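Please read this briefing alongside the sequence and the model. It is arranged by topic.

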Amino acid sequence: ELEGGEDMDAALQQDGCVEVKFDSDEDVPPESDEEGMGDGPEGEEGIIDEREVYGEDEDLQPEVDDAVAHIMHTESVLSCAFNPVNRRLLLTGSQDDSAVLWSIEEEAGGFKMTERHRLAGHTDSVSQVAFSVDGRFCATGSYDGTVRIWAPDTGALVHTLDGPSKEVEWILWHPKGHAILAGSADTMAWMWWAPTGKLMQIFAGHGQAVTCGAWGLGGKLIVTGSTDRSVIVWNPRAGTPQQHIRDVHDGPICSMCSHPEAPLAVTGSEDATARVVQIETGKVVANLPGHSDSVEASAFNNAAPGELALLATASMDGNILVWDGKTFDARCQLKGEAGIVRFKWLPQSAYAAWLCTCATDGTVRLFNALAGQCLRVLRGHTDTVLDLDLAYGEVAGASGVPPGAALQMAVASGSDDKSCRLYTVDLWYLTGDAAKAAPAPAVAVDPAAMQMPPPTPTNLEAGLSSA
């Protein structure tokens, strides 16, 4: 546990967070949606399995494969995540109902991914996987309505977090501790204290599925979005809504992010719009037009103090729109070749204006958002890339590069082609003139550099306290 975890847990309960216990099925919060819809081809009337039309494509191979290693599940890989402390440990979640922890190791100048622990027990698709901020726990959320907490070192199941009566759509660790939040198709969001498995709060107020969420003000507030087109700002301790903003969009809300410090959240909708909401007042402070299809993702960049703050919105129209992170004026448009499913900004301050995308054409692309330039296209997948995560390490033996400047980025990507692929990009090489003339040289990353020092855990009570 985090240091003082039991005391934090007790403090949370004394300050208004209550453990919720169900003694019988009658105590479970009522469902508002109709029953009877299955999750897959089996049990669904009138639904044709796509594989019956297109076939399994077991022998389909990419024409170009830039990956340095890859692994296979038996169904689509829906989510992937690097351990933030040990970047050589990767977690994948699949439509085959399993999650797997993989070790990334060097092999003859390249890399290999070896199964370390298979996290079995879910009875439906593992929709999302994530590590806690200190890497001590990992979590898997599933369409079976449960979230499971695991010990990454051993693969042991720590707790099964029950409560949701329908699919878990997403999970999100507290940015400073071991509280975990989940949104469900049962119209509610749920918060547990992972070290003990206690259910701390149920956030009930939406009329339809809770499709996205974020920790606001660095973890002091919770913001949720729903297919009912509304945004609710919650007090984590009391479980009560501070703002209920209705009809934020004309269509269902499908994506959300929060500003790391300011009281702002950005919502993306199937109506092709994005909006900025002031979460303390409940006012929409900016409309972000320009997309022509669903806005699937948004995020503020990781700008250091004094650097330019940027916001990006990504859409199934294939475009990423980049905005000033303070004024929300449009800055540039990054054109992709297919619908954008996810993206992530690079964390290093030297590359704070770079972002990495995954798309429906099976590619992963690296962009410079200030220059409006695509720096690298990574190929190898043969179907839609559904998720990606990034990790970094310092390259050993890079000549002519100052110490600490030879950074290599590793990209893990999960796809409908049932694979998770690992790519590497030498970031320092892309900043030089040589990047325009020749491909980057192959240099192996130092495995020790992938072992990152653990962050200093912060007090969860402080993280959940009011501003």
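The notes below cover a sheet, a strand residue and the cysteines.

This is a predicted model, in which local features need pLDDT of at least 70 and side-chain atom pairs count only at pLDDT 80 or more, while totals for chains, interfaces and linings use all residues. Residues are numbered from 1 along each chain as its sequence is written, and side-chain values use heavy atoms, with hydrogens and water left out.

**Sheet**
- Four strands form an open sheet in the order β6-β7-β8-β9, with antiparallel pairing; strands are DSSP runs (E, at least two residues) numbered from the N terminus, and two of them pair if DSSP finds at least two bridges between them.
- Because β6 (126–131) and β9 (156–161) stand at the edges with a single partner strand each, one side of each is left without a neighbour in the sheet.
- Neighbouring strands of this sheet are turned by 20° against each other on average, direction ignored, with axes taken as lines fitted to C-alpha atoms.
- Strand β7 (residues 138–142) pairs with strand β8 (residues 147–151) in the antiparallel sense over four bridges, and A139 has I149 in β8 as its bridge partner.

**F111**
- F111 lies in strand β5 (residues 110–119) and is buried, with a relative accessible area of 15%, where buried means under 20% (1.4 Å probe, protein chains only).
- Although F111 and H70 are 41 residues apart in sequence, their C-alpha atoms are 9.2 Å apart in space.

**Cysteines**
- The count of disulfides, defined as pairs of cysteine sulfur atoms within 2.5 Å, comes to zero.
- C358 is in no disulfide, the nearest cysteine sulfur being that of C356 at 8.1 Å, and C358 counts as buried at 0% relative accessibility.

Notes:
Axes fitted to C-alpha atoms, helices over the stretch in contact; angles between N-to-C directions. Buried < 20%, exposed > 50% of the residue type's maximum accessible area, 1.4 Å probe, protein only.
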